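Dear colleague,

Please find below the structure that I am handing over to you. A summary of the findings follows it.

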Amino acid sequence: MSTEETSRFVRLRVELVVEVDDQEAVTRAALARIADDPEMPDDERAHAEGAVTEDTAEALAYLVDPFDLVGEVPGVELAQASWSSEQIDYDPDSPEWDLDEDDVQEDEEEEAVG
């Protein structure tokens, strides 16, 4: 396939598991970001403040910006992004949390098809 036939768009999947050791700091930072957003309508601001106050995962999702991941990468413009966060039970020793698990499964599927 020539360069002209390939898509200019790339899906970049990133999965992070973070440990929040200061929930109040995360909430304060999210509330500060909300307060500093001059374009946010008042009703949306009230909803966002309530969400980040009640749920640390929501506060963290409000603070994480996918543009920050690629904003400084030369030759790349963010076309679309979506993200979410949720509180989870995490056991780093569990095989369930093997980060390469999806890659291995995809490789095996490609070999079966190819």
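I begin with Arg 8, which is located in the segment that precedes α1. The model is a predicted one, and every value in this message was computed from it.

With a relative accessible area of 75%, Arg 8 is exposed, because exposed residues are those over 50%. In sequence, 68 residues separate Arg 8 from Val 76, while their C-alpha atoms lie 9.8 Å apart in space.

The segment before α1 (23–35) also holds Val 20. The relative accessible area of Val 20 is 31%, so this residue is classed as partly exposed, the range between the limits of 20% and 50%. Val 20 also contributes to a nonpolar surface patch of about 600 Å².

As to the overall architecture, the protein has 5 helices and 0 strands. Read from the N terminus, the order of its elements is α-α-α-α-α. Of the 114 residues in the protein, 13% are buried.

Helix α3 comprises residues 56–63, and α1 packs with α3 at an angle of about 50 degrees, the two axes being 9 Å apart. The crossing in which α1 passes α3 is left-handed.

Yours sincerely

Definitions and conventions
Residues numbered from 1 in each chain as written. Predicted model: local features only at pLDDT ≥ 70, side-chain atom pairs only at ≥ 80, totals over all residues. Heavy atoms only, no water. Patch = residues over 30% accessible without salt bridge, like charges linked within 9 Å, V, L, I, M, F, W, Y side chains within 5 Å. Areas by Shrake-Rupley, 256 points an atom, 1.4 Å probe, with all protein chains shown as cover. Salt bridge = Lys/Arg side-chain N within 4 Å of Asp/Glu carboxyl O. Helix = DSSP H or I, 4+ residues; strand = E, 2+ residues; numbered from the N terminus. Buried < 20%, exposed > 50% of the residue type's maximum accessible area, 1.4 Å probe, protein only. Axes fitted to C-alpha atoms, helices over the stretch in contact; angles between N-to-C directions. Left-handed = near helix turned anticlockwise from the far one by under 90°.
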